[in-house]
Amino acid sequence: MPYLNAAQREKLANDLKDLPFNRAKGKVRGMDIKNRLVFYRNAQSVNRWMTRYDLPTLGTRVTLVETHQDADHQGKLRSEFELSEVIVEALPGNNS
């Protein structure tokens, strides 16, 4: 399968940004049988949690960025994550 070019990566980012996190994660994992989870909900900055997948067969790296909020549900404090941004970029070997 050929590497994704810039237009295809942009289309993938637009398709994923409207999905809930678990659906977006499942779609990314299903695209490449050799997918690799780089990190899961890694807090690299304040209130931004990142999950990154490398898709070596497609020559693409997908980063799902979530925002975190604490919400009060019937007297219990719960964490709520919301997918806020999707970053799709080429891996170093992808020149298309």
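# Close-up views of a predicted model

Figure 1. Arginine 41 sits in strand β1. The backbone of arginine 41 has a positive phi, near 45°, although the residue is not glycine. The next residue, asparagine 42, has methionine 50 of β2 as its bridge partner.

**Figure 2. The hairpin of β1 and β2.** Strand β1 covers residues 36-45 and strand β2 covers residues 48-55. The two strands run antiparallel and are joined by six bridges. Two residues lie between the strands of this hairpin. Asparagine 47 is placed in the loop between β1 and β2. Its phi is near 60°, again a positive value in a residue other than glycine. With a relative accessible area of 39%, asparagine 47 is classed as partly exposed, because this value falls between 20% and 50%.

**Figure 3. The four-stranded sheet.** The view shows an open sheet of four strands in the order β1-β2-β3-β4, with antiparallel pairing. Strands β1 and β4 (76-90) form the edges, each pairing on one side only. From one strand to the next, the twist averages 20°. Helix α1 packs on this sheet and touches β3 and β4. The direction of α1 makes about 165° with that of β4.

**Figure 4. The pairing of β2 with β3.** Strands β2 and β3 run antiparallel, and seven bridges join them. Aspartate 54 stands opposite arginine 61 in β3. Strand β3 spans residues 60-73 and contains threonine 63, the residue shown in the next view.

Figure 5. The side chain of threonine 63 makes a polar contact with the side chain of arginine 52, at 3.0 Å. Apart from neighbours within four places in sequence, threonine 63 is in contact with Met50, Thr51, Arg52, Glu85, Val86 and Ile87. Of these, Met50 is also the bridge partner of asparagine 42.

**Figure 6. The crossing of helices α1 and α2.** Two packed helices are described by the distance between their axes and the angle between those axes. For α1 (residues 6-17) and α2 (residues 21-31), the axes come within 9 Å and cross at roughly 145°. The crossing of α1 past α2 is right-handed. Helix α1 contributes Leu12, Asp15 and Leu16 to the contact, and helix α2 contributes Ala24, Lys27, Val28 and Met31. Sorted by class, the residues of the contact are five nonpolar, no polar and two charged.

Figure 7. Lysine 27 belongs to helix α2. Which residues does lysine 27 contact, leaving aside neighbours within four places in sequence? They are Asp15, Leu16 and Leu19. Leucine 16 and lysine 27 are eleven residues apart along the chain, and their C-alpha atoms are separated by 8.2 Å. Asp15 and Leu16 are among the α1 residues that make the contact with α2, and Lys27 is one of those on the α2 side.

**Figure 8. The whole chain, for orientation.** The protein chain holds two helices and four strands. Read from the N terminus on, its elements run α-α-β-β-β-β. Taken along the principal axes, the C-alpha atoms fill a box of roughly 50 × 25 × 20 Å. Among contacts in the chain with a separation of 6 or more, 43% are between residues 24 or more positions apart.

Terms used: Residues numbered from 1 in each chain as written. Predicted model: local features only at pLDDT ≥ 70, side-chain atom pairs only at ≥ 80, totals over all residues. Heavy atoms only, no water. Pairing = 2+ DSSP bridges. Polar contact = N/O pair within 3.5 Å; in protein donor to acceptor, adjacent residues only side chain to side chain. Contact = heavy atoms within 4.5 Å. Axes fitted to C-alpha atoms, helices over the stretch in contact; angles between N-to-C directions. Left-handed = near helix turned anticlockwise from the far one by under 90°. Nonpolar A, V, L, I, M, F, W, Y, C, P; charged D, E, K, R; others polar. Buried < 20%, exposed > 50% of the residue type's maximum accessible area, 1.4 Å probe, protein only.
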